[in-house]
Amino acid sequence: MSEQKVFKASDEAKGKAKQLRMFAILAWILGIGGQIFAILKLISNETLVWLIVVIVLILALSITGSLLWKKANRLDPASEKQKFKFFMQNQLGAIMGVLSFLPLVILIFMNKNIDGKTKGIAGTIAAVAMVAAGITGIDFNPPSVEKYTEQINEQTDVVKSINNNLDEVYWTESGNRYHIYKDCHHIKNRDVINDGTVKASWEDKGISELCKTCKARAEKENDAGVDISDLNDFLPSGDEEVTEEAAE
């Protein structure tokens, strides 16, 4: 196995993660604000419809916050060595999802000024929304520095094994895969194509998967004993690239 590489989020990734977390916190604050409004103004028989509308809006804000938070964690994960921080950072979405509804659910069922029908409808909807928000916020496969480090080294070995022992890949700003070939049809016509190591793609953009098309092409070239990417380097400008069929 090659020299071990330890994951460390880039400054760009940390900046993006910070921005996503700010938006997530804003969504949660708005959701809790909606809950306070519902508690103070909408728990009554006459405002049942508006209460349901606000519950749905709170759920949307809670889920949005959780999804943004999870995305931020994948760009800038916590270390498993810091157990409390690791748990809080990865499961904060679930905690906030429950807190966005729990006081409201309790007060709906405890309120003596509304009838049983209103309690049943509003309480059930709020309770279901709370469960949905909580489950959505749970990260069942939380990222960590240690997990990324292990996966980076495993994937680096895979890439080198099918790429002439080179740890060199390509990726785009909006893509979610890294590529062995710059002329892969998934990225060929993009204006900006970044290049670097597997580790760099993880640290800069959180890209953690190899393009299946590139993997299949590299394995096929290795089986045939032909490196098409090298052949293309010798083509005059304007000539068509050598295809797999031509190389065979």
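**Briefing: helix packing, a pocket and model confidence**

In H6, Tyr148, Gln151, Ile152, Gln155, Thr156 and Val159 meet Val198, Lys199 and Trp202 of H7, where contact means heavy atoms within 4.5 Å. The structure is a predicted model, in which local features need pLDDT of at least 70, side-chain atom pairs count only at pLDDT 80 or more, and totals for chains, interfaces and linings use all residues. Residues are numbered from 1 along each chain as its sequence is written, and side-chain values use heavy atoms, with hydrogens and water left out.

**Helix packing**

- Helix H6 (residues 145-162) and H7 pack at an angle of about 140 degrees, and their axes lie 8 Å apart; helices are DSSP runs (H or I, at least four residues) numbered from the N terminus.
- H6 and H7 are therefore oblique to each other, the class left after roughly parallel (under 35 degrees), roughly antiparallel (over 145) and roughly perpendicular (65 to 115).
- The contact of H6 with H7 comprises five nonpolar, three polar and one charged residue.
- For H2 and helix H3 (residues 83-99), the packing angle is about 175 degrees, with 9 Å between the axes; axes are lines fitted to C-alpha atoms over the stretch in contact, and angles run from 0 to 180 degrees between N-to-C directions.
- H2 and H3 are therefore roughly antiparallel to each other.
- Ser62, Ser66, Trp69 and Asn73 of H2 make this contact with Gln89, Asn90, Leu92, Gly93 and Gly97 of H3.
- The contact of H2 with H3 has two nonpolar, seven polar and no charged residues, with Gly counted as polar.

**Second largest pocket**

- The lining of the second largest pocket consists of 14 residues, with Lys16, Lys71, Leu75, Lys205 and Gly206 nearest its centre.
- Two or more lining residues come from each of helix H1 (11-42), helix H2 (48-75) and helix H7 (198-205).
- H1 gives the most to this lining, with four residues.
- Seven charged, four nonpolar and three polar residues make up the lining of the second largest pocket.
- A pocket is an open set of points on a 1 Å grid over the protein atoms alone, where a 1.4 Å probe fits, with protein on both sides within 12 Å along at least five of seven lines; lining residues have an atom within 4 Å of a point.

**Confidence**

- The protein averages a pLDDT of 87, and 89% of the residues score at least 70; pLDDT is the predictor's confidence in each residue, from 0 to 100.
- Helix H10 (residues 244-247) has the lowest mean pLDDT among the elements (34), and H3 the highest (97).
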